[in-house]
Amino acid sequence: MIIGALFLITCGICQCLGHLTKEHYIGFEAAAWYLHSVDVVQLFLFVYIYWWGGI
């Protein structure tokens with residue numbers, strides 16, 4: 001999550017400086033994909049540890 005926060009901080013700084021445009025937004029898209037992959041990993045860990053671990 002720290003890496004995702006750094007990703008978003010960097011994207012925020014780029015947005016304030018005007019570097020993110022309709023043609024150049026790959027950094028923001030990479031941040032979004034990274035955070036979605038972290039969400040999926042957290043869901044699998046929750047199911048594995050709390051549901052299957054309690055059996």
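Visitor: What percentage of the 55 residues in the chain is buried?
Guide: This is a predicted model. Buried here means under 20% relative accessible area. Of the 55 residues in the chain, the buried ones make up 9%.

Visitor: How many helices and how many strands does the chain have?
Guide: The helices include α1, residues 2-17. They also include α2, residues 26-52. The secondary structure of the chain comes to zero strands and two helices.

Visitor: How far apart are the end C-alpha atoms of helix α2?
Guide: Helix α2 has 27 residues. At 1.5 Å a residue, α2 should therefore span 39 Å. The model agrees with that, as the end C-alpha atoms of α2 are apart by 38 Å.

Visitor: And how far apart are the end C-alpha atoms of α1?
Guide: Apply the rule of 1.5 Å a residue to the 16 residues of α1.

Visitor: Which residue with a positive phi follows α1?
Guide: Helix α1 covers residues 2-17. After α1 comes a residue whose phi is near 85°. That residue is Gly18.

Visitor: Which residues of α2 are buried?
Guide: An α-helix has 3.6 residues a turn, so residues three or four places apart point the same way. The buried residues of α2 pack against α1. They are Ala31, Leu35 and Val38.

Visitor: Is Val38 buried or exposed?
Guide: Val38 lies in helix α2. Its C-alpha atom is separated by 8.6 Å from that of Gly4, 34 residues apart along the chain. The relative accessible area of Val38 is 14%. The cut-off is under 20%, so Val38 counts as buried.

Visitor: How far is Gln42 from Gly12 in space, C-alpha to C-alpha?
Guide: Gln42 also has its place in helix α2. At 42% relative accessibility, Gln42 is partly exposed. Gln42 and Gly12 are 30 residues apart in sequence. In space, C-alpha to C-alpha, they are apart by 25 Å.

Visitor: How far is Ile2 from His36 in space?
Guide: Ile2 is found in helix α1. With 67% relative accessibility, Ile2 counts as exposed. In sequence, Ile2 and His36 are 34 residues apart. C-alpha to C-alpha, the distance is 14 Å.

Visitor: Which residues form a nonpolar patch on the surface?
Guide: One of them is Ile49, found in helix α2. Ile49 is partly exposed, because its relative accessibility is 48%. Together the patch residues have about 980 Å² of accessible area. They are Val41, Leu45, Phe46, Tyr48, Ile49, Tyr50, Trp51 and Trp52.

Visitor: What percentage of the accessible surface of the chain belongs to carbon and sulfur atoms?
Guide: The accessible surface of the chain comes to about 4,900 Å². The share of carbon and sulfur atoms is 76%.

Terms used
Residues are numbered from 1 along each chain as its sequence is written. This is a predicted model: local features need pLDDT of at least 70, side-chain atom pairs count only at pLDDT 80 or more; totals for chains, interfaces and linings use all residues. Side-chain values use heavy atoms; hydrogens and water are left out. Helices (H or I, at least four residues) and strands (E, at least two) are DSSP runs, numbered from the N terminus. Buried means under 20% relative accessible area, exposed over 50%, partly exposed in between (1.4 Å probe, protein chains only). Accessible areas come from the Shrake-Rupley method with a 1.4 Å probe; for residues, only the protein chains shown count as cover. The expected span of a helix is 1.5 Å times one less than its number of residues. Contact means heavy atoms within 4.5 Å. Patches are made of residues with over 30% relative accessible area and no salt bridge: like charges are joined within 9 Å, nonpolar side chains (Val, Leu, Ile, Met, Phe, Trp, Tyr) within 5 Å. A salt bridge is a side-chain nitrogen of Lys or Arg within 4 Å of a carboxyl oxygen of Asp or Glu.
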